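I opened this notebook to record what I looked up in one structure. The entries follow the order in which I worked.

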Amino acid sequence: MTLVAHTPATTVAHFLTDQLPESRSALILACVLQLTDTEDAACFWWQYAAGAGQSAAAYCLRHLARGEEDTARFWHNQMDHHPPPTSAPAPDHGERLDTASTTTMLRVLHHLSRQSAPRSAPATVTSLMTYMPTATAVGYLREPDMELPLPGPDFARTIRTLLTATPRRPRRHPLPPPAPPLPPLRPQRRTGARRGPGARPGQNQRKRTPLTPAARTGESFPLHPGAAPPRRTTPTPVRQNTDDHDRRNNTVEALRVVVLVMVAAGVWAAWKRSLFPGTWAHTFHTAYAEQRGLLTQARRQLSAIDKDQLRAEKEAAGQVKTEKEKHEQHIGRLQREVALLQDPGRGTELGRLGGLVLYEHAVTASMEGRLLPLHGLRARFDRGDRVHSLYLTKPDGGGDRAKFPHRPDPAADPEGGVRLFDEEEVRDFEMKINEAAAEEKAFRACLAEQLAGKREELAEARKDTTGLSAAEQKQADVRDRNRTDPPREEALADLTAARNHWQDLTGRRPPR
């Protein structure tokens, strides 16, 4: 992160082409990708920069930490014997890392990895970490045959825009802790790869191949005499896993369709074999198509007659059900009428005034008051200075009183909202109560006669089963006719003959 933050913007934005950076810019690009855990792409660009003479990039490869001793020895030799790039002297900004000796670089990096703590990244580094991993990952999909993390055509222009537009201020959240320190490089005589401290347990280690700009531009860089570069390998493209997954899904779907078709064909064959038993030739060969046709025609003729008979029986059963429900509903209505005459109750509500409620057979002076039967009841109006009254008197002398204020109470709260009643409406309700009491008296006078008539009507309704009996008789007639139907007897005889003929032909008797 220190290298990225302290590298001048002009150095980071140096590109040979719009997609191919210079060696110094490739070093910074690899460092940004490493900060975002994009290890394969970072390794590619570090190798690119190291092959172009950036010795600092070789220290970042960490091949020895992964147990890749041959590759680590190769880049160690390249780092010690490759001369620095001859270019025009650049201004010294205090962060040049490519002119120090190998021993000094190892000592500084090892010390920094042990002593450094999580630091805040500048805003410039944050913007580069956000953009670069996506830009390089797209290269796998854009150029799947090359398998190289090459950025898009506008990569250089976008980098320059980010470097000039983003202020250099640290972000608030720190970076993850640094990776463990690199062990010192030592000459090894063994050539086999071993598992280093950076390898994951249970995973086979794969040697990383140094990739130089010559792989892309055709240029050649001098190698140390006697040092043969390892075999070149490239990262696995991202799209390959997706294509393999799609092919597996397509294969599974195709197998599923084939299995379903085979199951359906097996079920159909078993059904045909059950209809036409015998050998496979008797069931499917055209030589026996006429015999199968005769048997099929006899079955269809009998099935059509059976369907007509079943429909007639369902219609007769439905008519019986309808007549039974009608008879039961009539009896139920008469039973409710008899129960209502035996106990009229209070009846339906006829009107109310204040707390006084008038019903068909009773009246109450308030919602919480007791019911007073209307039979023999008399209502009487009484005028008062502040409150009018309605007295409800029963034949035995008892009763109740309903009060209707027509003037406000001086002692009461004027905001209480007490309703005031006019004398006329109270007198009108008095007349309504007396009329209802007169009707109740007439009702009670003929109640016994009405009750006797309803009971007699109920008894007659229970006996009257004419409609139900006719529907049941029709149902019985339909069943008898179906059992002795001549067309059905003829169709059954034809089917029996066809079955007998098939049995004589195959030795197996087919079903109906």
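**Entry 1: a surface patch**

I first examined a nonpolar patch on the surface, formed by Val 259, Val 263 and Val 267, with about 260 Å² of accessible area together. I note that the model is predicted. I located Val 267 in helix H11, which covers residues 238–275. Is Val 267 buried or exposed? Its relative accessibility is 56%, and exposed means over 50%, so Val 267 counts as exposed.

**Entry 2: helix H17**

I then turned to helix H17, residues 486–506, and checked its length. With 21 residues at 1.5 Å a residue, H17 should span 30 Å; its end C-alpha atoms are 30 Å apart, which agrees.

Which residues of H17 are buried? I listed Arg 488, Ala 491, Leu 495, Ala 498, Arg 499, Trp 502 and Thr 506. Viewed down the axis of H17, these buried residues fall within an arc of 100°, so they line one face of the helix. I recalled a general rule: an α-helix has 3.6 residues a turn, so residues three or four places apart point the same way.

I looked up what this face meets: the buried residues of H17 pack against helices H12 (280–284), H13 (289–342) and H16 (466–483). On the other side of H17, I found Pro 486, Glu 490 and Asp 504 exposed. After H17 comes Gly 507, with a positive phi near 80°.

**Entry 3: the whole chain**

Finally, I recorded 17 helices and nine strands for the chain. Of its 512 residues, 35% are buried. The chain exposes about 31,300 Å², of which carbon and sulfur atoms supply 53%.

Conventions: Residues are numbered from 1 along each chain as its sequence is written. This is a predicted model: local features need pLDDT of at least 70, side-chain atom pairs count only at pLDDT 80 or more; totals for chains, interfaces and linings use all residues. Side-chain values use heavy atoms; hydrogens and water are left out. Patches are made of residues with over 30% relative accessible area and no salt bridge: like charges are joined within 9 Å, nonpolar side chains (Val, Leu, Ile, Met, Phe, Trp, Tyr) within 5 Å. Accessible areas come from the Shrake-Rupley method with a 1.4 Å probe; for residues, only the protein chains shown count as cover. A salt bridge is a side-chain nitrogen of Lys or Arg within 4 Å of a carboxyl oxygen of Asp or Glu. Helices (H or I, at least four residues) and strands (E, at least two) are DSSP runs, numbered from the N terminus. Buried means under 20% relative accessible area, exposed over 50%, partly exposed in between (1.4 Å probe, protein chains only). The expected span of a helix is 1.5 Å times one less than its number of residues. The arc is that of the directions from the helix axis to the C-beta atoms. Contact means heavy atoms within 4.5 Å.
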